[in-house]
Amino acid sequence: MHKHEVRGHGTVDDTQHLSALERIHGPLPQLMIGDIVMIRHKKSLVRKFLRKVTESYWDHTALIIFTKNPEKGYSSNIIAEAIQYQAFDAWRRGVEVHKMDRYLNDPDRYDVGVKRCMNVSNELRDHVRAFTLMNVDAPYYRLPLADLALASISRTIRKFVLKRQRFTCSGLIQKAYWNAAPWERRHMFAFRDLGDSPIELQELVSPADIAKSDACEWIWNRH
Amino acid sequence: MDAARYTDRSEAIRNLRVADIIMTRTKHANWLLRGIRKMSHSYWNHSALVFEVIRQKDQEPEVLIVEALDKGIEIHRLHSYLNEKDFDIGVKRVPGITDEERERILGFFLDKIDTPYDYTRLFGYMLNRIVLKLANVKVRDMIAQRIINIDNFVCSSFTQRAFYLGVAPEKRDRVMFKENAGTNFLYQMEFITPGDIAKSKTAEWLYNPHD
């Protein structure tokens, strides 16, 4: 049996069941439906510009919609995410459901962190999941390479771009919590300043806003 | 062919349950989809399964389906098939599935998300047809053993595997869609088309029956 020192988590007897990123950052805690997965793409130019413009380590977000349950036959956490695969319209997808392992097992291309909205009932988590599933196949707003490239070198252009750029991946998460929460608690799940109207808030929130927000806490690989 | 339980599509959708089978026919089909219909002598060219039904007050439920598409096992909204200009849909249900078995079938869906599509199998189906036509020799056993990748799926083999692994072991014989006695197990499980599912008495029609 192998013994490994896992950062921050002492000695783990057998890390063979761990994903590649868990071997680096330590085992994932028990995840819950509605946990927010932060993702960094290491080999994407568009994402690099996006990180620079939003001043964040992270450039993409996803939501846990099923937590792994080997007894029921599935051993990976399942995420919903809004994806832009390519720059061309015809190849752009939208909200999709995938295994979280696709990110956890490829440390050369991705880094992953997890945040959690605390004091959330299971009922609200189920509503978040239902809202997210009802948005499967919703289209993706384009991340414009040229605008982001210019914004990364000019503060003026950066303000202009960020003012109007919609982020589907993080917008999906904001909308899911905003719509699932009872109206009197919605302000607790606003991931950016409430200076925005609710509609603006749901459209314009970025992965960086979620990463920096106090509305959810880091539970794994804080950045 | 037995009559369907529902004649109205909305009524059928309101009564969908996890693991119900959605048969689809693409109206402006490309050569591949037309080939699948021709090869299987069927009206249908694709099958998917109900993954989740989200019921809403006073509204038609939102239905999610799981299906093997070109990128692999994916989840989509049934909504994408409800455009009558582009698609026709039918619904079948395997009777006698318990809630516990539906849970196991759902677990199978979640375990197989992102599993790649088995393009070699499509090539095998075509090869079988060509050799049968040219030399009147069936090469399906050779294809089943050497070409089919049983770790990957086409739409109908995904449907078959979900039921086979989802039901209690003693019920597995009752959820095979290819009912020809004497065919080998691998052939029954893997060499299956949407037409086999459409024609099978293993599942009953809920809406829009067609062979």
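Helix H4 (residues 119–135) of chain B supplies 3 residues, the largest share of the nonpolar patch with which I begin. Helices here are DSSP runs of H or I of at least four residues and strands are runs of E of at least two, both numbered from the N terminus. The structure is a predicted model, in which local features need pLDDT of at least 70 and side-chain atom pairs count only at pLDDT 80 or more, while totals for chains, interfaces and linings use all residues. Residues are numbered from 1 along each chain as its sequence is written, chains are lettered from A and ligands numbered from 1 in the order in which they are written, and side-chain values use heavy atoms, leaving out hydrogens and water.

The patch lies on the surface and consists of B:Trp31, B:Met126, B:Ile130 and B:Leu134, together presenting about 480 Å² of accessible area. Such areas come from the Shrake-Rupley method with a 1.4 Å probe, and for residues only the protein chains shown count as cover. Patch members have over 30% relative accessible area and no salt bridge; like charges are joined within 9 Å, and nonpolar side chains (Val, Leu, Ile, Met, Phe, Trp, Tyr) within 5 Å. A salt bridge is a side-chain nitrogen of Lys or Arg within 4 Å of a carboxyl oxygen of Asp or Glu. B:Leu134, in helix H4 of chain B, counts as exposed because its relative accessibility is 73%; exposed means over 50%, buried under 20%, and partly exposed in between (1.4 Å probe, protein chains only).

I turn to the sheet of chain B. Its 6 strands form an open sheet in the order E4-E3-E2-E1-E5-E6, with antiparallel pairing; two strands pair if DSSP finds at least two bridges between them. Strand E4 (72–77) and strand E6 (204–207) of chain B are the edges, each pairing on one side only. Within this sheet, 4 bridges link strand E1 (residues 21–26) of chain B to strand E2 (residues 46–56) of chain B in the antiparallel sense, and B:Ile21 stands opposite B:Leu49 in E2(B).

Finally, chain A contains 9 helices and 8 strands, and 52% of its 223 residues count as buried. How many residues of strand E6 (residues 95–99) of chain A are buried? The count is 5 of 5. On one side of E6(A) are A:Val95, A:Val97 and A:Lys99, and on the other A:Glu96 and A:His98, all of them buried. Strand E5 (residues 78–82) of chain A runs antiparallel to E6(A), joined by 5 bridges, with A:Ala80 opposite A:Val97.
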